[in-house]
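Hi,

Here is the structure I promised to pass on.

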Amino acid sequence: MKNDIVLTGDRPSGPLHLGHYVGSLKNRVHYQDIYKQYIIIADLQALTDNYEHPHKVHDNVFQVACDYLAVGIDPTKSTIFIQSQIPEIADLTIYYLNLVTVSRLRRNPTVKTEIDQKGYGDAIPAGFFMYPVSQAADITCVKATVVPVGEDQLPMIEQTNEIARSFNRIYKKQVFPDVRAIVPEVARLVGTDGKAKMSKSLGNAIYLSDSADVIAQKVKGMYTDPNHIKVSDPGNVEGNTVFTYLDIFDPHTDEVAELKRQYQAGGLGDMVLKKRLTEIIDSFIEPIRTRRQKFHNDKAYVMDILKKGTAATREVTAKTLAEVQDVMCLKY
Ligand code: TRP
């Protein structure tokens, strides 16, 4: 067991998909044996762009918790908590806002991209604009030292370190340690459309809760090689989503290599490949889906895990906040 404290988590704006599995869930199952690991279900962050849909966010807290438990996150090893139920995060966010300029927030490349995608124009909700500051509070409230994230989250870690260092300097105490990001090998999984990364908003995701039929249908519509029209045509393997997925999920690497050879030479149809991929993905998801259904049927049990995880987290965050308020002369 290493001394590092890991903080990781997700916005509950939808159930989790294969992209989450490859990019983070798989690693979290491993990290919980090595580190003290906290997993945040960031419902307040989800609300920054879903504030008109509070029921959706509320329900997805439960859905995401089911996903975590189904993939093997063990509540006796990892502490899962709900962001909104940690008032210390809100307090820290307010304090940190003094340490960040508007122009610095404007430069955050991830937020910039999201603002463009959402088409906010000049009407950016302030809560959305400053969510990196709130995320710095997520990370520092337990004094995390390691944050495993996808590449798109690196600017958040950078900003967290800037805030933590400013805090330590201005209030003349080493309250917060530096935070280190770990980026997984397969940081992002391409979506079924072969375009950007798999994501709910792009509608190109395969969910951990998808039925066998839904998986079959999604694989059927998967992007392959647009120039591979007849079975006899030679096909492209590079950038062919079906092969990208086979490379990641098919354990029979020698057979996949042989299929690539045949595809490139011509004579291998997309249907055959897609049938294989459907089976591979379904056999991968099937045990997760079965476990997930069990948790989903026992909501009281799942919510109790979140309640206990949140209470355990608050014991730590209360100490952090007391220390912060002490150096900021906020004790009366
Ligand atoms: N921003 C992350 C995402 O969009 C979710 C998140 C919120 C998070 N707080 C965090 C991730 C703290 C790591 C650490 O997926």
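In α3, the residues Val-61, Phe-62, Ala-65, Cys-66 and Leu-69 meet Lys-299, Val-302, Met-303, Ile-305 and Leu-306 of α14, where contact means heavy atoms within 4.5 Å. Sorted by type, the residues of this contact are 9 nonpolar, no polar and 1 charged. For that sorting, Ala, Val, Leu, Ile, Met, Phe, Trp, Tyr, Cys and Pro count as nonpolar, Asp, Glu, Lys and Arg as charged, and the others, Gly among them, as polar.

Before going on, some housekeeping. This is a predicted model, in which local features need pLDDT of at least 70 and side-chain atom pairs count only at pLDDT 80 or more, while totals for chains, interfaces and linings use all residues. Residues are numbered from 1 along each chain as its sequence is written, and side-chain values use heavy atoms, with hydrogens and water left out.

Back to the helices. Two packed helices are described by the angle between their axes and the distance between the axes. Helix α3 covers residues 54-71 and helix α14 covers residues 299-327; they pack at an angle of about 90°, with axes 10 Å apart. That makes α3 roughly perpendicular to α14, a label for angles of 65 to 115 degrees (under 35 is roughly parallel, over 145 roughly antiparallel, and the rest oblique). The axes are lines fitted to C-alpha atoms, for helices over the stretch in contact, and the angles run from 0 to 180 degrees between N-to-C directions. The helices (H or I, at least four residues) and strands (E, at least two) are DSSP runs, numbered from the N terminus.

Asn-60 also sits in α3. Is Asn-60 buried or exposed? Asn-60 is buried, at 7% relative accessible area; buried means under 20%, exposed over 50%, and partly exposed in between (1.4 Å probe, protein chains only). Not counting residues up to four places away in sequence, Asn-60 touches Pro-12, Ser-13, Gly-14 and Pro-15.

**Two domains**

The domain assignment gives domain 1 (5-189 + 299-327) and domain 2 (212-293); such bounds come from an automatic or database assignment. Their C-alpha centres lie 34 Å apart. How many residues does each domain put into the contact? Domain 1 gives 11 residues and domain 2 gives 9 residues.

Helix α13 takes in residues 270-296, with Met-271 among them. Met-271 counts as exposed because its relative accessibility is 63%.

Leaving out residues up to four places away in sequence, Phe-284 touches Leu-18, Tyr-21 and Phe-249. From Phe-284 to Asp-250, 34 residues apart along the chain, the C-alpha separation is 9.3 Å.

Ala-212 belongs to helix α10 (residues 212-220) and is partly exposed, at 34%. Again not counting residues up to four places away, Ala-212 touches Asp-282 and Arg-289. Ala-212 and Ala-311 are 38 Å apart, C-alpha to C-alpha, and 99 residues apart in sequence.

**A buried Phe**

Phe-129 is in helix α7 (residues 126-129), and is buried with a relative accessible area of 15%. Which residues does Phe-129 contact, leaving aside neighbours within four places in sequence? They are Val-102, Leu-105, Arg-106, Val-111, Ile-115 and Ile-124. Thr-48 is 81 residues from Phe-129 in sequence and 8.6 Å away in space, C-alpha to C-alpha.

**Two lysines to look up**

Most residues other than glycine have a negative phi. Lys-143, however, has a positive phi, near 55°. Lys-143 is in the loop between α8 (131-140) and β4 (146-148), and is partly exposed at 23% relative accessibility. Lys-172 also has a positive phi, near 55°. Lys-172 lies in the loop between α9 (154-170) and β5 (180-182), and is exposed at 73%.

**Cysteines**

A disulfide is a covalent bond between the sulfur atoms of two cysteines. Here a disulfide is a pair of cysteine sulfur atoms within 2.5 Å, and the count comes to 0. Cys-141 is buried, at 0% relative accessible area, whereas Cys-329 is exposed, at 58%.

Cheers
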